[in-house]
Amino acid sequence: MDFEQIEKLMAKLEASKLKKLVIKQGDFELQLEKEGDIQYVAAPVHHPRSTFGENATESAFNAEVSQKGERGGHHHKPEIDGAFVKAPLVGTFYSSPSPDAPDFVQVGDTVKPGQVLCIIEAMKVMNEIVAESNGVIREILAEKSQPVEFGQNLFRIKYA
């Protein structure tokens with residue numbers, strides 16, 4: 001489901017008398033609600049465990065660094081092990097529940113299933129992205145208050 005389809009669904013929901021819409025497609029789940037100004041929605045994300053060869057990981061990292069010109073922000077040299085947590089929708093990445101609150105997680109933190117990693121805001125709906133299983137945060141790949149795309153890598157977690 002792409003962002004345009006989600007926007008159309010949101011507009012139809014807004015124009016209808018329905019208060020809630022839930023769509024499930026495989027591991028993807030979208031919940032929209034019309035109760036109040038801002039709604040928080042937990043969005044568990046399936047994160048397949050992945051292994052990368054050292055050369056593939058280094059090549060991908062070097063390509064990213066050369067495109068950006070520098071590492072900057074939260075970008076760190078990737079670990080060879082771990083899996084990516086990807087954005088399940090297009091929106092704005094928030095690493096904390098409010099501007100003055102501490103980040104949900106930092107590099108090196110141990111996480112457990114259901115623990116909030118970040119929030120992605122889309123059309124005033126706050127979607128909590130949660131850890132799938134026990135692990136350790138190896139990288140934070142998105143920047144605070146910056147837009148993210150569907151499928152964009154947000155975190156790298158080494159699962160236990």
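Me: Which residues are in contact with Ile-137, leaving aside its neighbours within four places in sequence?

Reply: Beyond those neighbours, Ile-137 is in contact with Val-105, Gln-106, Val-107, Gly-108, Asp-109, Val-111, Leu-117, Phe-155, Arg-156 and Ile-157. Contact here means heavy atoms within 4.5 Å. The model is a predicted one, in which local features need pLDDT of at least 70, side-chain atom pairs count only at pLDDT 80 or more, and totals for chains, interfaces and linings use all residues. Residues are numbered from 1 along each chain as its sequence is written, and side-chain values use heavy atoms, with hydrogens and water left out.

Me: Which members of the largest nonpolar core touch the most other members, and what makes a set of residues a nonpolar core?

Reply: The term denotes a set of buried Ala, Val, Leu, Ile, Met, Phe, Trp, Tyr and Cys residues joined through side-chain atoms within 4.5 Å. The largest such set holds 21 residues, and Leu-117, Ile-137, Leu-154, Phe-155 and Ile-157 touch the most other members. Two or more residues come from each of strand S4 (83-86), strand S7 (116-122), strand S9 (135-140) and strand S11 (153-159). A separate core of 8 residues includes Ile-6, Met-10, Phe-28 and Val-125. In soluble globular proteins, nonpolar side chains tend to be buried together.

Me: Why is Phe-155 called buried?

Reply: The term buried applies under 20% relative accessible area, exposed applies over 50%, and partly exposed lies in between (1.4 Å probe, protein chains only). Phe-155 has a relative accessible area of 1%, so it is buried. Phe-93, also at 1%, is buried as well.

Me: What makes the aromatic pair of Phe-93 and Phe-155 tilted?

Reply: The structure holds 1 aromatic pair. The centres of the two rings are 6.0 Å apart and the planes stand at 50°, so the pair is tilted. The rule is that rings of Phe, Tyr and Trp (its six-membered ring) pair if their centres lie within 6.5 Å; planes under 30 degrees apart count as stacked, over 60 as edge-to-face and the rest as tilted. Because Phe-93 lies in strand S5 (residues 91-94) and Phe-155 in strand S11, the pair ties together parts that are 62 residues apart in sequence.

Me: How do you know whether Arg-156 is buried or exposed?

Reply: Its relative accessible area is 3%, and therefore Arg-156 is buried. Arg-156 has its place in strand S11, where 5 of the 7 residues are buried. The side chains of Arg-156 and Glu-139 are joined by a polar contact of 2.8 Å. A polar contact is a pair of N or O atoms within 3.5 Å; within protein, one must be able to donate a hydrogen and the other to accept it, and residues adjacent in sequence count only if both atoms are side-chain atoms.

Me: Why do S4 and S6 stand at the edges of the sheet?

Reply: The open sheet has 4 strands in the order S4-S11-S9-S6, with antiparallel pairing. S4 and strand S6 (110-111) each have a single partner strand, so one side of each is left without a neighbour in the sheet. Two strands pair if DSSP finds at least two bridges between them. S4 and S11 pair over 4 bridges, with Ala-83 partnered by Ile-157 and Val-85 by Phe-155. S9 and S11 pair over 5 bridges, and Ile-140 stands opposite Phe-155.

Me: Why does Lys-124 count as exposed and Ser-145 as partly exposed?

Reply: Lys-124 has 55% relative accessibility, so it counts as exposed. Lys-124 lies in the loop between S7 and strand S8 (125-130). Its C-alpha atom is separated by 9.6 Å from that of Gly-91, 33 residues away along the chain. Ser-145 reaches 44%, and therefore counts as partly exposed. Ser-145 belongs to the loop between S9 and strand S10 (147-148), and its phi is near 60°, a positive value in a residue other than glycine. Met-123, in the loop between S7 and S8, has a positive phi of about 55° although it is not a glycine.

Me: How many helices and strands does the protein chain have?

Reply: The chain has 2 helices and 11 strands, in the pattern α-β-β-β-α-β-β-β-β-β-β-β-β along the sequence. Helices (H or I, at least four residues) and strands (E, at least two) are DSSP runs, numbered from the N terminus. Of the 160 residues, 36% count as buried. Among contacts in the chain with a separation of 6 or more, 59% come from residues 24 or more positions apart.
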